[in-house]
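Please have the sequence and the coordinates open.

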Amino acid sequence: MTDRSQLLRKVLETWDASMEGERYLEWLIKPEALELDGGDLLREAVLDVMEDDDQLKKLEDTRAAASMQEFYQSVPLEIAELLRPQTAGLLESLSQLKENFRSRAAHLRNIRHLLNNDRVETLAFAAKAESLAGAENSTTYEKIAAFHKDFALAEQLAAQVTALSRTSVAKVKASGNWKSVSTAEFWDDLVQDLATKPGEDWFDYNREKLDRYYSQQLVSQLENIVERALTLRPVGLEVNDPIISSLFQEAHEAFLYGFDSASIALCRSLIDHSLKDKLSHRSQRSNLQSMIEQAAKQGLLDPFCSDCAQKVRDAGNNIMHDMSNLRRTAQEVLDCTRSVLKKLYDNMTSVHP
């Protein structure tokens, strides 16, 4: 796996599995992140959670109080009076959570200094110490840890069900994934409930689930995309027809993302449109086979490229009947398609499959 794909996967895992990690990373998606240095922004996000800063705390408290007062004024008086104590309790809980983060960071820093370790060594020591401490009250500790892990898994599987229910004709069987990583009974009811939960007026839960699932899918495919892209050399073609340009791009993107049968079908269509664009005389009802033969007669295609065009035609016709060796077939078809387009459109520069 490439360094970048490992990093993106870890970022997503941290976001999905850690409230503290989410607090760090949410800074990076704020509007100002587009204008400021990402390293500075991430560092300040960490320090905002870890450091006890009286100036920032007073500023946050003042702004939070002003925002809540504005909110209370927007609802009926009797409702506002009922909400005040509950909201105060919620804000206090969030404040305590942040203080817990800071306390943990302070203890880790002290341990690091005492042991003269680096940060990773200190985290490893802390993880071992926590596991030993948890063993003293193992039953409760293990139950809490297992519940946290299983609930996170339920949310992940719910996102999978939400996404695939929109694109698959088969029933999504999340239980197999559950059993591969959890010893608990499959939480079918919870997964289904989370999968069908649309959200509230202020939060689109379906969008969140789809974002979660497809982000993970794209990251998991990144290394494969890079490997496939490395098999392709730069293209030196200039094609004015917008349909052909679009088909060329789509055929390559389908190949890169692993949609091999779609890439083969698009390559066949690309050859068809390219020959229609270049043939000087052809019947309106000409099929691809006859256009390949006409192109050879008119000198548009040499024997090698005629054979390439024929291979693309045959693969496109047979793709729905022969699904074996799709990866290899898609690569060969794309290479043949590039050779044909090189012959048809490249009169000055050199391009290789």
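## Helix α3

Helix α3 covers residues 38-50, 13 residues in total. From its first C-alpha to its last it reaches 18 Å. That is close to the 18 Å expected at 1.5 Å a residue. The model is predicted.

Aspartate 37 caps the N-terminal end of α3. One of its side-chain oxygens lies 2.8 Å from the backbone nitrogen of glycine 39.

## The buried residues of α3

Which residues of α3 are buried? They are Leu41, Ala45, Asp48, Val49 and Met50. An α-helix has 3.6 residues a turn, so residues three or four places apart point the same way.

The cover over these buried residues includes three other helices: α2 (19-26), α4 (54-73) and α5 (77-115).

## Glutamine 160

Glutamine 160 sits in helix α7, which spans residues 138-164. Is this side chain's residue, glutamine 160, buried or exposed? Its relative accessible area is 15%, so glutamine 160 is buried; the cut-off for buried is under 20%.

Neighbours within four places in sequence are left aside here. Beyond them, glutamine 160 is in contact with Val172, Ala174, Asn177 and Tyr213.

## Methionine 320

Methionine 320 belongs to a loop. The loop runs between α14 (303-318) and α15 (326-345). Methionine 320 has 58% relative accessibility, so it counts as exposed; exposed means over 50%.

How far is methionine 320 from phenylalanine 71? In sequence they are 249 residues apart. In space they are 59 Å apart, C-alpha to C-alpha.

Technical notes
Residues numbered from 1 in each chain as written. Predicted model: local features only at pLDDT ≥ 70, side-chain atom pairs only at ≥ 80, totals over all residues. Heavy atoms only, no water. Helix = DSSP H or I, 4+ residues; strand = E, 2+ residues; numbered from the N terminus. Expected span 1.5 Å × (residues − 1). Buried < 20%, exposed > 50% of the residue type's maximum accessible area, 1.4 Å probe, protein only. Contact = heavy atoms within 4.5 Å. Polar contact = N/O pair within 3.5 Å; in protein donor to acceptor, adjacent residues only side chain to side chain.
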